[in-house]
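Q: I have a sequence and a structure to read. Please show me how to go through the features one at a time.

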Amino acid sequence: MKLSLSIVTLALLTGATGAHAQRALVMGDGNELCATWIKESASARNGVASTKYIGMAAWVSGYLSGVNSTYATLAAPDPEDLLLESRVTPQEILEKIGDYCAANPGATLFRAGDALVVSLQNRL
């Protein structure tokens, strides 16, 4: 099952993280740079999250939910719930995005989300 899920995710993300990236329309905060995530997440660590950070975190949540739904649908007849099966917590999602962004400040939030999907998939 892990192999078939890997193929499904690879199909979903083909080119999204590779050197020969395909063009994909990314809406909203997915286009923001990781440098913006780093700056805005500082407000959340200080106890008062900025509107921008809340929007970016919501974008990540929506992106992961969409990938998760597609992942489960395409993995039929033996679907797995990527978010549930990987046992990831909302706090861990934000931390992993932050870690990726710290290492890749010029990348987009979309790329950080893709990297997180691969990371979660490796847990299965």
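**Reading the disulfide**

A: Start with the link of Cys34 and Cys101, which is left-handed, with -50° about the S-S bond. This is a predicted model, in which local features need pLDDT of at least 70 and side-chain atom pairs count only at pLDDT 80 or more, while totals for chains, interfaces and linings use all residues. Residues are numbered from 1 along each chain as its sequence is written, and side-chain values use heavy atoms, with hydrogens and water left out.

Q: What is a disulfide, and how many does the structure hold?

A: A disulfide is a covalent bond between the sulfur atoms of two cysteines. In practice a pair of cysteine sulfur atoms within 2.5 Å is taken as one. The structure holds one disulfide: the sulfur atoms of Cys34 and Cys101 are 2.4 Å apart. Cys34 lies in helix α2 (residues 34-45) and Cys101 in helix α5 (residues 90-103), so the pair ties together parts that are 67 residues apart in sequence.

Q: How many helices and strands does the protein have?

A: Helices (H or I, at least four residues) and strands (E, at least two) are DSSP runs, numbered from the N terminus. This protein has six helices and zero strands, giving the pattern α-α-α-α-α-α along the sequence.

Q: How far does α5 reach from its first C-alpha to its last?

A: The expected span of a helix is 1.5 Å times one less than its number of residues. With 14 residues, α5 reaches 20 Å, close to the 20 Å expected.

Q: Are Cys34 and Cys101 buried or exposed?

A: Buried means under 20% relative accessible area, exposed over 50%, and partly exposed in between (1.4 Å probe, protein chains only). Both Cys34 and Cys101 are buried. In α5, the buried residues are Glu92, Ile93, Ile97, Gly98 and Cys101. Their cover includes α2, α3 (51-74) and α6 (109-121), where a contact means heavy atoms within 4.5 Å. Across the protein, buried residues make up 36% of the 124 residues.

Q: Why does Asn68 count as buried, and which residues does Asn68 touch?

A: Asn68 is in helix α3 and counts as buried because its relative accessibility is 11%. Leaving out residues up to four places away in sequence, Asn68 touches Asp81, Leu82 and Leu83.

Q: Which backbone atoms does the side chain of Asn68 reach?

A: Look for polar contacts: pairs of N or O atoms within 3.5 Å, where within protein one must be able to donate a hydrogen and the other to accept it, and residues adjacent in sequence count only if both atoms are side-chain atoms. The side chain of Asn68 reaches the backbone nitrogen of Leu82 at 2.8 Å. A polar atom of that side chain also lies 3.2 Å from the backbone nitrogen of Leu83.
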